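Q: Please take a close look at one part of this structure, the helices, and walk me through it. I am new to this one.

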Amino acid sequence: MYKKRYALFLFLVWTTFFSSLNGQENKWQQKVDYNISVQLIDTMRLLEGFVQIDYYNQSPDTLYKLYMHLYPNAYSNSKSPLAKDMLNAGMTDFQFAKEKDRGYIDGLNFVINGEKVVFTIDKTKNDLAEIVLNKPLVPGDFIKIATPFKTKLPKLFSRSGYADGIFSVTQWFPKVAVYDWQGWHPMSYLDKGEFYDEWGDYTVKITVPKKYKVAASGQLTNQVINIDSTQSFYFKQEKIHDFAWFASRKYKIYSDSVFLPSGKKIAVYTYTYSKGIFEGANEYVKNTLLYYSDKIGDYPYGQCTIVEAEQGMGSGMEYPMIANITSTQDTNYLKAVVVHEVGHNWFQGVLANNEREQPWLDEGINSYYEKRATSNTLTEIEGMFEAMKKKKIGQFFGLNDLPSNPIATFGILMQQRLGRFQKQNESAEKLSLINYGLGVYEGVPMDLKLLENYLSVSTFDSIMRLFYKTYQFKHFNEKDFRNHFENASQKDLSWFFYGLMNTEKRIDLAIKDVKLDEYSFKIKLVNKGEIAIPFSLSTKLNGEIIETYWFEPFAKDTNVVIKKIACDQIAIDDQWALNELKRQNNFYKIDKKCPKFEPLKIQFLGSIENPKRTQIYFTPILAGNKYDKFMLGVAIYNRVFPAKKLEYELIPMFAIGSKRLSGIFNVNYYLHPKLAHTREIKIGMHVSTFSFTQKPVTRNYLKVEPHISWAFKPGGESSNWSELLQFRTIFISNQVPEYDTSDFTKFKIERTNNWFNELSYRVQFDRKLNPFFANIKVLQSTNYLRASLESKIKLNYGNIKNKYFSIRLFAGGFLWRRESFRFGLNPNQAFGLSAITGENDFLVDGYYFGRSEQTGFSSKQLLMGEGNFKVISTLQGVNIGKTANWLMAVNLTADFPWKYLPIQFFADFGYTFNNSIPNGDPLPDKGFHYDAGASISIFDDALQVHFPFLMDKEFKTYYKANGNKFRGKITYTFDLKKLNPHAQLRDISRFISF
């Protein structure tokens, strides 16, 4: 027995040692040293420099070419990879930048070992050059590369540039791309996702105007005042993979130092230009250096600096030995950002993975340590939330049971429920911006905390310290990280690396039953999710945790036993360690008749979802129209944040005018099947009933609409391209008068029922620059089959943000019609050039103040559709622009080119064609029509007022015959559907940004 145990011990030691070596098997990395001399010409925002690069080929391969990063060219035009990346993320400032605010690098003349070489700049990646070597570079040899360069610094759009008197000089010089065991990594500069570089020794001379102060990577070795009113700073540093510097006349310098437990002294500097909290930032730097050195390993450099400098995206950015922090007056927020950015000296300064390919190994792990280091401090927003939880208003809205950071926790849950969450080890370029922020910065730290709980804090920390010692100043990847953790812990961690990091599968554990005996609780658990995951069970009494137990992952069902203790509840994951899809099944109440039932909470307005309650919300409603008059009611719903699989809203209202019950009912069920390119399937029902006329008495309609839609995302979550296939059946029952043929003053109210089926397919390119959509519809009734095509593109004005020239095209026609059906008696079912009025809304899709009005204010309401003319003919029997055959229309809209004035100019052109109309069913319109004018438009076109100045002869004659002066021609749009808060709440990216 002893020998067997001893043999097993030797086997584990042997496999652990050699698997660590395997992590580095066939891995090597190049060494690249830089000697740079550069001068800042501040009036021109120009750098003039010379770089010499010693490139050591430590690979087993002979190299015939090199790739060189020319990162400043990312700012040279609106077609660069950076420009496309920013545009895809919805950022348009750079797209509309003036030429003087752009940047570039030129003046290059590459020489290798004294001989000129040929280089070409990539046509699609203008920030990348390929150099063909005159002589192959064999393994073990090195070359000297040299070139002059001129870098024009841009206005600050991303990380590098000029803003508020500060030069942020980052990614500024020609830099050799990484060549590793996977080959070359010729990546472009992007805003989302960072870098991958080789370590080397840097010697840098920076010359600036005399009054400037300079903070930089590396340690200052000398400072010289020159005779030409300039000064030169000399920096030197070994084993760094980048070099950044910041220069300004505004800086005030605060210096300090800290001794690590090893006795090593680190100089600490803060460069700041604003008074206040930045003056004490050195304390945060020192505490971070001590914390990370203790938990991971010693800070390897002799200096650490932070500078106050704005950044185009985010609140800070790290570089070796230096980080810039965006201005803030929130002390705890500053502390968190300092910890995060200084912490990057470990991740990604010393432990340097390819951030572009696997950002979680850098941002995710570093965010985990940041949250550990700042666990006792809350940012201003988090502090406000915690304070609100303790107040009556917080308890009223049910916030007291929620975690401290509900935006992150429920933001991830929202994305998961919407089927939009991406695996957390995805590359930066494939991650959508919201998933990059939520998944990498928030989700990964939560999952690492779970791993820490599973292994124990001490075990986790010892493994990380060993990892740091093994891999410092080495490139590593996820495989290395996984092998190290599994070998060091001697545990199968596939639940973490394959279950949490490398999948979009979701977690849902549930307590099925609890049995009690004299000494224990026997608990039956069910895994309703898709991942086997470690979990905790807690016994609770009066809301407080008594004891917590951790258990191994299980796939389907399992039984666990814990000791019996005085408690009133058993809960799964009461610490919110898991990103669970449904937490409502995590609780079991002891000695209760309904142990798994969450008590009902009826709540005013809304709240964040509380898993310990069945929440129903209500809001008083006041509405009205021409016929029902004022309507008083209540909205009852379950739709708030985050989204639910089943969502409903019931809005019953009592109408004062019609003295009847009106209202709306919507219910939708959402599915997210694992089908290629499928984002979501929605199955739902809409019911509404309102009065629609007062002639000869007030009458009402009932609409019942079952529908199903299938949403596609062919390009993935980071793409702005989407598609939607939808089918709906529309049943409309209208009250109609049935007159006595012998006495037309007598009538009775009957109902007519109409059925329609509609199939539509919509494609949409929802980008910030030139967005586009197209929609095909086919509508079938018992009397006809009609089809339409609508498309619209919004073209951005030259350099004006959020101002567009829009072109909309519409074509519609009847594919078949029953000859017995009289369009002359049902003109609302014909196609029309005008936008849709209440009378023409025969599918009852919109909400109108006066659905059947032909005169007055109520008759002027329009909703966009069909020909979309802003002039209308509302009087019965006048059918200008109506057709029972086909029509075509073009709608042009131009925003007023001043961003603060919400005015649009419009011009509409259309042609209607009528023939083969059955006798006795005249729709006489045929020919060309137009109108033009101006609109006031707010709330994304939900509210518009249209002033038509020009129109064709037929419309002029109509208005003149009916005595309409200019104000009688004014129409307006009021689209309540565009203002629906529940629909907008499902798009989390509107409210969360990173």
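A: Start with a pair of helices. Helix α3 (residues 281-295) packs against helix α4 (residues 331-343) at an angle of about 45°, and their axes are 9 Å apart. Axes here are lines fitted to C-alpha atoms, for helices over the stretch in contact, and angles run from 0 to 180 degrees between N-to-C directions. That angle makes α3 oblique to α4. Angles under 35 degrees count as roughly parallel, over 145 as roughly antiparallel, 65 to 115 as roughly perpendicular, and the rest as oblique. The crossing of α3 and α4 is right-handed.

A word on the source. This is a predicted model, where local features need pLDDT of at least 70, side-chain atom pairs count only at pLDDT 80 or more, and totals for chains, interfaces and linings use all residues. Residues are numbered from 1 along each chain as its sequence is written, and side-chain values use heavy atoms, with hydrogens and water left out.

Now the wider setting. The protein chain has 16 helices and 53 strands. Both are DSSP runs numbered from the N terminus: helices are H or I with at least four residues, strands E with at least two. Of the 994 residues in the protein chain, 55% are buried. Buried means under 20% relative accessible area, exposed over 50%, and partly exposed in between (1.4 Å probe, protein chains only).

Next comes helix α9 (residues 406-417). Its 12 residues should span 16 Å at 1.5 Å a residue, and its end C-alpha atoms are 16 Å apart, which agrees. The expected span is 1.5 Å times one less than the number of residues. In α9, 11 of the 12 residues are buried, so the helix is largely enclosed by the rest of the structure. Among them are Phe410, Ile412 and Leu413. Just after α9, glycine 419 takes a positive phi of about 70°.

The buried ones include Phe481, Arg482 and Phe485. At the start of α12, a side-chain oxygen of asparagine 477 comes within 3.2 Å of the backbone nitrogen of lysine 479. Just after α12, glutamine 490 takes a positive phi of about 55°.

Definitions and conventions:
A polar contact is a pair of N or O atoms within 3.5 Å; within protein, one must be able to donate a hydrogen and the other to accept it, and residues adjacent in sequence count only if both atoms are side-chain atoms. A crossing is left-handed if the near helix is turned anticlockwise from the far one by less than a right angle, and right-handed if clockwise.
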